[in-house]
2 protein chains.
Amino acid sequence: MDKKIPYKIYLKEDEIPTQWYNVRADMKNKPAPLLNPATLQPLKAEELEPIFCKELVRQELDNDTRFVDIPEEVLKFYKMYRPSPLVRAYFLEEALGTPAKIYYKFEGNNTSGSHKLNSAIAQAYYAKAQGLKGVTTETGAGQWGTALSMACSYFGLDCQVYMVKCSYEQKPFRREVMRTYGAKVTPSPSNTTEVGKKILAEFPDTTGSLGCAISEAVEAAVTQEGYRYELGSVLNQVLLHQTIIGLEAQAAMKKYDIKPDIVIGCAGGGSNLGGLASPFIGEMLRGEADYKVIAVEPASCPSFTRGKFAYDFCDTGMICPLAKMYTIGSQFIPSASHAGGLRFHGMSTILSQLYADGLFEARAVEQTSVFEAAQLFARVEGTLPAPESSHAIRAAIDEALKCKETGEEKTILFGLTGTGYFDLAAYASYNDGTMSDVIPTDEDIAASLAKLPKVE
Amino acid sequence: MDKKIPYKIYLKEDEIPTQWYNVRADMKNKPAPLLNPATLQPLKAEELEPIFCKELVRQELDNDTRFVDIPEEVLKFYKMYRPSPLVRAYFLEEALGTPAKIYYKFEGNNTSGSHKLNSAIAQAYYAKAQGLKGVTTETGAGQWGTALSMACSYFGLDCQVYMVKCSYEQKPFRREVMRTYGAKVTPSPSNTTEVGKKILAEFPDTTGSLGCAISEAVEAAVTQEGYRYELGSVLNQVLLHQTIIGLEAQAAMKKYDIKPDIVIGCAGGGSNLGGLASPFIGEMLRGEADYKVIAVEPASCPSFTRGKFAYDFCDTGMICPLAKMYTIGSQFIPSASHAGGLRFHGMSTILSQLYADGLFEARAVEQTSVFEAAQLFARVEGTLPAPESSHAIRAAIDEALKCKETGEEKTILFGLTGTGYFDLAAYASYNDGTMSDVIPTDEDIAASLAKLPKVE
């Protein structure tokens, strides 16, 4: 065991990065613009500003500024739960008997339980700075809703969360955390919006969907004076804010002269992978270094590995803008027995372009193998991981086991995005042996891709 | 704001204390010995060893050794989640507008969610070192059971947890965490023990009690070859292991020349208060310093503030040893509407003696005011506190508000023992406005105290 490197590397508070990194500035092929679903023309700032805060629209469209100053108030809030530790997984290495050196950046040591807070506080800040009364959003599993509730509570903003009805009912504790932070949580679909009423009239027994919750949250934002809508993943602005993860990891590694060979992140909409990996990918784009970057997605929702790089709607309801991304189709619904999060049909446009350009590879993993990795990790590293994060754990273990075979002492870095305290129903199904793997057939995916909108 | 002191003070890993502190060595009046309930004579080591591990019995009875070496394997495990941060509550100070400087030692950044892991890993270690196959225990809210499950998983020990039936049913997620760590969780009363069968025959609809679960766990330990029983609070050995909290806090404060005026801990069985405060009380006993130490207990279960210092049974079933302690009577059952933990009728014998000798003061707080403090803390400091810990938060806020009145810049240290992720049913009742305060009448307590066993 390398004695010089501690189990946990903490930056000092004055070493927390003071700027976010915008990988778009280093991309030769810029991510494709969002299109207006009505006109199929690139969306302009003035079209986005009724929905999103002004400064966030600016960040969304800014492909050029390499570093963006983190506002003082956001930096102050970051000190509540950052720097997050970079952990050397000595216990995991020992359990695997691998010569690989494994590190993970742990983003779960805050009450939202995930990295989502990094962008939530930034988005809440810009809403406050613009003089808004409040914001609206949707939440599925609840991590983003919790993070935004915490951030809004800090700035005294009203926070209205549309929570997918089945989650609202199955995860009452997530709901209570949000309420403790003062958020108004409404099960979606609801009677508080026109779109909700319409869906309820048509499907009175529906348990809701993320697409529907998005539609309600957007309607609530544009119909209330002084409100805007905020979103926790996929968008360029979110990836920008999340780069605090990768920048901190780089700074911590630099302190001990550590250079990763492999960087691994789970990928749903891309906020975690983009946040962790894009500072490393930036070095690759600038020709300064080379890394093997791996995106890990669920086999039940495989947008990178089995999807198509094409324009598609960001929501099931087909009212949101079109984005050019790896997608398995906005009408694709992952199996209900898929427990591990990362259910979005598409992917960040930035990551999609980088993937198309060969900057990283992607792999899909099955959920029983993900929970096997999660259980091992919990037992030896002591932290119960979120199912999402456990996709990255699975890949990190697989890479470390390859090193065991070859004898290579590779350095592996992965993102541990959060904790699994609110995902214990999924753990229960694994503990009970009732969890199964559901992989869409080629026909399923072809049928879904056949419904892609015709653009270009 | 004092710029020099960071939001979080972390010791380096090689600064983690390598010895526990045994306050009994500095006590002129030693804690009274445990008595055999049959003979009313002090329990000897050989009577305790069929129940507890040999080394733990030695620690239980050792009133003389001031410092006890922490075994190497335990120190290694501590590095999984320690050092725990000493947090400067700048956000709370700002919200209160107080000149007081508030610090808290946060023990919740581990999957068990509380300080209980500090003793669990030590107890599991000694069981392993003795060559045992496994251990048994009981759990109510589930923190101790989770901690012991994690510790046993690490050492490959079998862990059998008797979980109070109503908690087993109401807290399925706690149960799943334990199962994820490989523990066998049995709802108590059960048909797996004679005492369980007897209780079930008499009260088929009972939802269980901690006293009953203790009885089952002890029976399971003594009737299985290679098993012992382990307990998460009250005992001298547990207070010894928990001093890692106070010793780390002292070391962290020393780095920045901080000296607390007031030290505050919540008190149920005493493991947290004893662990945090006894290194400070030791300085008082040795005449080196003076602190105002405050024990905070629930008004619904007020052993220090309204109990009697007398010998009493440690369990409702009256089969466990008698301890001389502040007690409101082993037959006292806190109101079912008491949500905030700390339900034990008695108190650590060490703390009881120290309290009798005037080393600290105690106060009782009502649960609605506890949850009010918890909510404020969650919102401004970003961590959702355990209800138990929130008793200490309540007192810390009250002391800080006194400073606001007087203008005194006192330094306050309190113990934040854990997080509230598994206590959201209690938060829900606070959020819904259905929580009420239930304070036992003088008659209730007199009736309970009238049933104390006659000793001496």
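## Salt bridges and polar contacts between the chains

Across the interface of chain B and chain A, the rule finds four salt bridges, in what is a predicted model. In a salt bridge between B:Glu94 and A:Lys76, the closest N and O atoms are 2.8 Å apart. Polar contact across this interface of chain B and chain A involves 26 residue pairs, both residues of each pair being at pLDDT 80 or more.

On the side of chain B that touches chain A, the elements giving two or more residues are α3 (72-81), α4 (90-96), α6 (143-155), α8 (172-180), α15 (367-381) and α17 (424-431) of chain B.

## Extent of the interface

To the contact, chain A gives 42 residues and chain B gives 42 residues. Between them the two chains, B and A, bury about 4,000 Å², and carbon and sulfur atoms account for 56% of this area. Within chain B, the residues that lose the most area to chain A are B:Thr180, B:Arg379 and B:Tyr421, which together make up 17% of what that side buries.

## An open parallel sheet in chain A

Chain A contains an open sheet of four strands, paired in parallel and arranged in the order β8-β7-β6-β9. Because β8 (184-188) and β9 (227-229) of chain A each have a single partner strand, they stand at the edges of the sheet, and one side of each is left without a neighbour there. From one strand to the next, the twist averages 25°.

Strand β6 (residues 134-139) of chain A runs parallel to strand β7 (residues 158-164) of chain A, and six bridges join the two. A:Thr139 has as its bridge partner A:Met163, a residue in β7(A). Packed on the sheet is helix α8 (residues 172-180) of chain A, which touches β6, β7 and β8 of chain A and whose direction makes about 170° with that of β7(A).

## Salt bridges in the whole structure

When the search covers the whole structure, 52 salt bridges are found over all chains. One example lies within chain A, where A:Glu55 forms a salt bridge with A:Arg58, the closest N and O atoms being 3.1 Å apart. Helix α2 (residues 54-61) of chain A holds both A:Glu55 and A:Arg58, and the three residues that separate their positions correspond to about one turn of the helix.

Conventions
Residues are numbered from 1 along each chain as its sequence is written. Chains are lettered from A and ligands numbered from 1 in the order in which they are written. This is a predicted model: local features need pLDDT of at least 70, side-chain atom pairs count only at pLDDT 80 or more; totals for chains, interfaces and linings use all residues. Side-chain values use heavy atoms; hydrogens and water are left out. Two strands pair if DSSP finds at least two bridges between them. Axes are lines fitted to C-alpha atoms, for helices over the stretch in contact, and angles run from 0 to 180 degrees between N-to-C directions. Contact means heavy atoms within 4.5 Å. Buried area is the accessible area (1.4 Å probe) that two parts lose on being put together, summed over both. A salt bridge is a side-chain nitrogen of Lys or Arg within 4 Å of a carboxyl oxygen of Asp or Glu. A polar contact is a pair of N or O atoms within 3.5 Å; within protein, one must be able to donate a hydrogen and the other to accept it, and residues adjacent in sequence count only if both atoms are side-chain atoms.
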